[in-house]
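Please keep the sequence and the model at hand while reading.

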Amino acid sequence: MNLEDYSKPDFDSLFEAEEKHFWFRYRNNLIGKTIKGLIGSQKKPRILELGCGNGNVLREIEKRLPDSTLVGSELFEEGLSRAKGRVKCELRQADIYNLPEWPAFDLIGLFDVLEHLPDDVAALKEIRKSLRPGGKLLITVPASMSLWSYVDVVAGHYRRYTCKTLKNVLLEAGFHVPRNEPVMMPLYPAMWLSRKIGHFKKNMGFSKKNGDRQLANQELRISPLMNYLMGFVLNIECGLLNLGLRMPFGTSILAVGENPIEEKSALNLRNAG
């Protein structure tokens with residue numbers, strides 16, 4: 001695909017929000033703990049984050065796994081230039097549908113990227129070629145089409161997922177799916193209500209000055225008190241997840257795909273693709 005075929009993120013707004021917004025902080029904590037659990041005691045694991053954007057999650061991984069061989073990949077140079085100020089690891093510009101022929105990775109992260117891709121199965125098949133047999137793919141995606149809003153439109157999303165639809169595309173791409181669950185449950189009622197109110201105001205003409213972009217950016221700005229309270233509640237959820245409890249619903253989904261251990265190597269998979 002060409003660069004013009006992708007919706008370009010608002011790197012400026014995201015960069016500012018990533019430093020303090022409870023959503024990004026919680027997601028980093030959740031991803032960091034999950035990766036540590038998946039890697040276990042493995043020495044010097046090879047880890048790749050695809051669609052690393054401004055390097056916010058990369059920084060978390062680098063902090064938690066300093067002995068790893070970490071690579072960040074992003075399509076847009078604007079994101080890579082910001083990531084260079086946050087991390088020391090290798091950064092590569094690459095198209096997720098046509099990845100470089102690099103050595104196979106033990107773990108690949110794909111964090112709120114899959115929903116931006118028109119052909120999610122084709123992207124996952126390409127990603128699988130870069131994983132060693134038995135390697136893990138860690139994914140987060142937005143959940144529930146009932147939450148579809150101006151935020152998704154502005155972000156260039158093609159879809160929001162359910163656990164079932166996400167599992168289906170992972171299976172179709174050839175992965176096993178040992179973990180697939182909703183997260184960020186405490187956010188669901190507030191997010192559903194705020195987005196319904198936003199739609200109502202816009203449709204009734206109360207927010208003529210606020211287009212989709214302005215409404216979406218408002219969600220990135222939040223009061224310090226609300227930021228603290230939501231962070232506190234989400235950290236309780238994180239503790240429950242660590243105990244093995246499963247949330248019944250959420251605003252996001254976290255899933256693990258495992259590349260089956262078989263005779264074909266990652267290189268053979270690439271040649272066969």
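## Terms and model

In the residue classes used here, Ala, Val, Leu, Ile, Met, Phe, Trp, Tyr, Cys and Pro count as nonpolar, Asp, Glu, Lys and Arg count as charged, and the others, Gly among them, count as polar. The model is a predicted one.

## The second largest pocket

The second largest pocket holds about 250 Å³ of space, and its lining consists of Ser13, Glu16, Ala17, Lys20, His21, Asn217, Leu220, Arg221, Ile222, Ser223, Pro224 and Asn227. Two or more of these residues come from helix H1 (11-18) and likewise from helix H10 (224-242), with H1 providing the largest share, three residues.

Sorted by class, the lining of the second largest pocket comprises four nonpolar, five polar and three charged residues.

## Packing of H2 against H3

Helix H2 (residues 22-39) packs against helix H3 (residues 56-64) at an angle of about 40°, and their axes lie 9 Å apart. This angle makes H2 oblique to H3, and the crossing of the two helices is right-handed.

On the H2 side, the contact is made by Phe24, Arg27, Asn28, Asn29, Ile31, Gly32, Lys33, Ile35 and Lys36, which meet Asn56, Val57, Glu60, Ile61 and Arg64 of H3. The residues of this contact divide into five nonpolar, four polar and five charged.

## Packing of H2 against H10

H2 also packs with H10, here at an angle of about 20° and with the axes 9 Å apart. Angles under 35 degrees count as roughly parallel, and H2 and H10 are therefore roughly parallel to each other; H2 passes H10 in a right-handed crossing.

From H2, the residues in this contact are Phe22, Tyr26, Asn29, Leu30 and Lys33, while H10 contributes Asn227, Met230, Gly231, Leu234, Asn235, Glu237, Cys238, Leu241 and Asn242. By class, the contact of H2 with H10 has seven nonpolar, five polar and two charged residues. Asn29 and Lys33 of H2 take part in the contact with H10 and also in the contact with H3, while Asn227 of H10 belongs to the contact with H2 and to the lining of the second largest pocket.

How many cavities of 30 Å³ or more does the model contain? The count comes to one, and the largest cavity has a volume of about 40 Å³.

Trp23, Arg27, Leu30, Asp112, Thr140, Val183, Met184 and Ser252 line the cavity, and H2 gives the most to this lining, with three residues. The lining has four nonpolar, two polar and two charged residues.

Technical notes. Residues are numbered from 1 along each chain as its sequence is written. This is a predicted model: local features need pLDDT of at least 70, side-chain atom pairs count only at pLDDT 80 or more; totals for chains, interfaces and linings use all residues. Side-chain values use heavy atoms; hydrogens and water are left out. On a 1 Å grid over the protein atoms alone, a cavity is a set of points where a 1.4 Å probe fits but cannot get out, and a pocket is an open set with protein on both sides within 12 Å along at least five of seven lines; lining residues have an atom within 4 Å of a point. Grid points are joined across faces, edges and corners, and a volume is the space filled by probe spheres set on the points. Helices (H or I, at least four residues) and strands (E, at least two) are DSSP runs, numbered from the N terminus. Axes are lines fitted to C-alpha atoms, for helices over the stretch in contact, and angles run from 0 to 180 degrees between N-to-C directions. Angles under 35 degrees count as roughly parallel, over 145 as roughly antiparallel, 65 to 115 as roughly perpendicular and the rest as oblique. A crossing is left-handed if the near helix is turned anticlockwise from the far one by less than a right angle, and right-handed if clockwise. Contact means heavy atoms within 4.5 Å.
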